[in-house]
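Please look through the sequence and the model shown here. The paragraphs after it go from one residue to its partners, and then to the whole chain.

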Amino acid sequence: MADSRPNTGNGNSRDGSTAPPPNPSTPKASSSPQPFSLIQPSELQSKKQKRKVLRAFRSVFRAFPIITPACKFPTSPGLQTDSHISISGIRVTGTLFGYRKGKVSLSIQESPKCLPSLVMEFSLQTNVLQKELSAGMVRIALECEKRCGKEQVKLFDEPLWTMFCNGKKTGHGVKREATAEDLQVMELLKAVSMGAGVLPGNSETEGVDGELAYIRAFFDRVVGSKDCETLYMLSPDGNTGPELCIFLVRM
């Protein structure tokens, strides 16, 4: 006997077949990318404001007349003035991460809650770096050449580096933009200030056993000059020396 009820279009196709009702408990895949709560570094947020303050200070300073003091302070013969001003280290958050059989990436953040200021991919494999760290002190040197006839860029903006690990050449370091996977790792580690462990990896590319290893710590960023910076890993206990040093040199 044919059904005399009108076709409302819910679950029925044009040929009269009935589609199964939707399961309300099944989650729907989101087509939009997952939002991140990481914020911009403060140096980028206040960059324009600092420029305005500096310009205003310069304009006021130039308005004052130049006055030469009439007397000079006595100096000791053994005392010498040093024109070089040492810059103390700035504490930043550094994260080394990568799949065990993949390449290591380095992320530098102003704090764990900020977007990366630098992301660099090393040609060194993650399992090799883990062995070096377990053996003792690790020194990574990154060298690049100065550009001739062009304006020098900031050291962190250099695109390509020659990499040495404990004195051995191990390929190159390449600066790149942070990918969605990089930001996802930083988002997962936002509450971690120092530590090491593994995160679930991408099974589609690394297999079901693929795990992403990471090491996160505070680094002292010491700026020697515009062509030389050093990142010293700080030990959690504060008693022993740093386990990892990264030198960036433009030659």
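Does Asp182 count as buried or exposed? At 5% relative accessibility, Asp182 counts as buried, where buried means under 20% relative accessible area, exposed means over 50%, and partly exposed lies in between (1.4 Å probe, protein chains only). This is a predicted model, in which local features need pLDDT of at least 70 and side-chain atom pairs count only at pLDDT 80 or more, while totals for chains, interfaces and linings use all residues. Residues are numbered from 1 along each chain as its sequence is written, and side-chain values use heavy atoms, with hydrogens and water left out.

Asp182 sits in helix H4, residues 180-188. Helices (H or I, at least four residues) and strands (E, at least two) are DSSP runs, numbered from the N terminus. Leaving out residues up to four places away in sequence, Asp182 touches Phe97, Val119, Arg176 and Glu177; a contact means heavy atoms within 4.5 Å. With Arg176, the side chain of Asp182 also forms a salt bridge, at 2.4 Å from N to O. The term salt bridge stands for a side-chain nitrogen of Lys or Arg within 4 Å of a carboxyl oxygen of Asp or Glu. Arg176 is partly exposed, at 22% relative accessibility.

By this rule, the count of salt bridges comes to nine. Another one joins the side chains of Lys146 and Asp227, at 3.3 Å from N to O. Lys146 lies in the loop between strand S4 (138-144) and strand S5 (160-165), and Asp227 in the loop between strand S8 (211-225) and strand S9 (228-233), so that this pair links distant parts of the chain, 81 residues apart. Lys146 is partly exposed, with a relative accessible area of 42%, whereas Asp227 is buried, at 12%.

Glu158 and Arg250 form a salt bridge too, their closest N and O atoms being 2.8 Å apart. Glu158 is in the loop between S4 and S5 and Arg250 is in strand S10 (residues 244-250), so the pair ties together parts that are 92 residues apart in sequence. Both Glu158 and Arg250 are buried. Salt bridges link Lys146, Arg147, Glu158, Asp227 and Arg250 in a network.

Next come the nonpolar residues. A nonpolar core is a set of buried Ala, Val, Leu, Ile, Met, Phe, Trp, Tyr and Cys residues joined through side-chain atoms within 4.5 Å. The largest one has 27 residues, and those with the most contacts inside it are Phe122, Ile140, Leu142, Leu244, Ile246 and Leu248. Leaving aside neighbours within four places in sequence, Leu244 is in contact with residues including Leu96, Leu133, Ile140, Phe219 and Leu231. Apart from this core lies another, of ten residues, among them Met186, Leu189, Leu199 and Leu212.

Now for the protein as a whole. There are five helices and ten strands. Buried residues make up 26% of the 251 residues. Of the contacts between residues at least 6 apart in sequence, 55% join residues at least 24 apart.

How many disulfides does the structure hold? A disulfide is a covalent bond between the sulfur atoms of two cysteines. Counted as pairs of cysteine sulfur atoms within 2.5 Å, the structure holds zero disulfides. Cys114 is buried at 4% relative accessibility, and Cys144 is buried with a relative accessible area of 8%.
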